[in-house]
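Colleague: Could you walk me through this one, starting with the aromatic rings and then moving to the surface?

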Amino acid sequence: AMAGALRALRAPGATRPLLRRGLRGTAGPPSARQLREAEEATPVFQYAGKAARRKDRVFVWGFSYSGALGVPSFVKPDAGWKKPRRVQPTPYRLETEEKISSAACGYGFTLLASNTTDITKVWGMGLNKDSQLGFQRSRRDQTKGYEYVLEPSPIPLPLEKPQQTRVLQVSCGRAHSLVLTDSEGVFTMGNNSYGQCGRKVVEDEIYSESHLIHQLNEFDSRVVQVVCGQDHSLFRTKKGAVYACGWGADGQTGLGHYNITSVPTKLCGDIAGVNIIQVSSYGDCCLAVSDEGEVFGWGNSEYLQLASVTETTQVNVPRHLPFKIGKIKEAACGGTGNAVLTEEGNIFVWGYGILGKGPNLIETAVPEMIPPSLFGWSDFNSDIRVAHVRCGLSQFAALTNRGELFVWGKNLRGCLGTGRMEDQYFPWRVTVPGEVVDVACGVDHMVSMVKSF
Amino acid sequence: LNAAPRRAPRQQVRFLPSPAPGGGGAVELVPARVPVLADHPLVRGPRFRRLKIGTGHQLDVKSSGVLVLGIGHGNKLLTDLYNCHLTKVYTVSGLFGKATDDFSDTGKLIEKTTFDHITREKLERIVAVIQGTNHKALLMYSNIDMKTQEAYELAVKGLIRPMEKSPPIITAIRCLHFALPEFQLEIQCLHETQQYLRKIVHEIGLELKSSAVCTQVRRTRDGVFTLGDALPRTQWDLRSIQDAIRNCRLKVKTELQKTL
């Protein structure tokens, strides 16, 4: 009877194998239909919407111990394991509160300006021994000011309408700086021992921890560009005239004498009556471009910068430089070398030093073109053109229309940003994560304004 | 190949006995030209029993395009061509919206993303940056001292190339077609593998804040050999192979002379 009962129990389930008790269906490679269904069921992630905007960023590189890079942890590390970084050889992102529209690098200090209508429009960092960054009140001692500013700190400008005026442009020289506003003229601060701030030279004036910021308003029309040379200042007005003040021993004020000028005076010479659209200077030589594409120069010519028109090494009256290289769009003047950009997008260099055509070209009085293939032009990409050219003291920087930055020249304390410490004899690309919109070159550091991808 | 007419057998002069013109019985030795028996086809056998065939740069299972083969003496030319370090051109097609584990569309799906924010302009910007960084790598791996005048002259002509082993470098890249979600790029590169190109497509997707997979990799040029020289499957016969070898001979010779 027991055997019969067991057989009865087993009979219905005899054909099914024991293993299939818990599983449903076969396990095997998924069929195409199962794969497709699994794929359609996966969630879709969205990382960027259609209205995603490109962000504006600031990148800095070069010598950091002066504080000019604006990163305090490079100079005074905030964590125990961090070491002070003397040189930042590759672009480093600087966090800023506002979108920076204009930047300028001086000799060991930097100015950043934004064209906002907020009260704080200009920030400065770096050397402040001559109050070129205004008065930065020290937190430890309320009566004293900082000599080195390690972080972008607001510069208080004595504006009449602080919530309406906008800062258009900033410029820095060796120990002075100029801030251009749209309706309140030009503000100058810093060293004035040669009248470069546009005010009367005071004997034995102490420039450090000074609160004085001078305002310049007497020009024939609105000032649209300010440029600082080493110890002189140039102002370009809307009517196309150029004013200068400051040190003139090399003739860089272009006023016909070699003395200092403490009041901005209009330049004559070959640029009288000419509509100038751009002025450039960084050392002791100056270049101006007219609306017809002609270039004029004055100032120091010890390095053959103006040797094409004159043998004298100090030219104190603007002279026209008759170069037959095409219509010139932009000029950039460095310490010993000059560069111009033509309408076709080619760069011509002349002067002395590392000019960008290999180690053999050290000096030339006549402009030589840098082959466009060095900027990425090739049969594959034939629409690459150089859009802007900038000069530091012994470096050059070029921006292409694709947003790439090329640098060449003396690599002083890593200021080229290539990642290497050697000098660069021909244009070399700087890898910046974004499209470079503008770059400002200093003596040993550079600042660039970049739009993210 | 074995059916082709072979060289005529060597001839030798042998002195064969033949009956003298005079009386019967005397045997005279007469010189005659007879073929050497050792050269007889039945003795020698077929001319080619094995062929040495080698390949040039490798091509993946999932890729297509020009593959260079060398036969016999051509293998030595292949090594020389490899040492020339010439660039190869690929046409790579990709698809936005998916990310897989092996970067191609047949792999296991990892993630799906939106891609309607991508425009041709953004793609071209990313492509320009890739080209820029690879150009820098090109100059760095070529091991030339940047401070010399010859380095400058080579850089102007665009002839600086790494002449030894180096990581994959893309010398030129541009966008051919763009129709969301598909896009096609033309990539000219050195020392690369096809999987590296698929990885580049994946990374382009990541840079554009989306994801991309590679659907097709096709080599359109390998050094001096272009699609026009390549033989499609219908032409894999002796006559076309011989014609192709003859046509390429001159090109290969000039290229080798130019570089080495």
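**Rings and a surface patch**

Modeller: Let me begin with A:Tyr47, which is partly exposed, since its relative accessible area is 45%. Please keep in mind that this is a predicted model.

Colleague: Which residue does A:Tyr47 form an aromatic pair with?

Modeller: A:Tyr47 pairs with A:Phe45, and the two rings are stacked, with 6.4 Å from centre to centre and 15° between the planes. A:Phe45 is partly exposed as well, with a relative accessible area of 39%.

Colleague: And how far apart are the ring centres of A:Phe396 and A:Trp408?

Modeller: Their centres lie 5.5 Å apart and their planes meet at 10°, which is under the 30 degrees needed, so this pair counts as stacked. A:Phe396 belongs to strand β25 and A:Trp408 to strand β26 of chain A, so the pair ties together parts that are 12 residues apart in sequence.

Colleague: Are those two buried or exposed?

Modeller: Both A:Phe396 and A:Trp408 are buried. Ring pairs also link them with A:Phe375 and A:Phe406 into a cluster.

Colleague: How many aromatic pairs are there over all chains?

Modeller: The structure holds 16 aromatic pairs, counted over all chains.

Colleague: Okay, switching to the surface, which residues form the positive patch?

Modeller: That patch is formed in chain B by B:Arg6, B:Arg7, B:Arg44 and B:Arg47. Of these, B:Arg7 is found in the segment that comes before β1 of chain B, a strand covering 11-19.

Colleague: Why does B:Arg7 count as exposed?

Modeller: B:Arg7 has a relative accessibility of 70%, and because exposed means over 50%, B:Arg7 falls into that class.

Terms used:
Residues numbered from 1 in each chain as written. Chains lettered and ligands numbered in written order. Predicted model: local features only at pLDDT ≥ 70, side-chain atom pairs only at ≥ 80, totals over all residues. Heavy atoms only, no water. Patch = residues over 30% accessible without salt bridge, like charges linked within 9 Å, V, L, I, M, F, W, Y side chains within 5 Å. Areas by Shrake-Rupley, 256 points an atom, 1.4 Å probe, with all protein chains shown as cover. Salt bridge = Lys/Arg side-chain N within 4 Å of Asp/Glu carboxyl O. Lys, Arg positive; Asp, Glu negative; His and termini not counted. Charge placed at Lys NZ, Arg CZ, Asp CG, Glu CD. Helix = DSSP H or I, 4+ residues; strand = E, 2+ residues; numbered from the N terminus. Buried < 20%, exposed > 50% of the residue type's maximum accessible area, 1.4 Å probe, protein only. Phe/Tyr/Trp six-rings, centres within 6.5 Å; stacked < 30°, edge-to-face > 60°.
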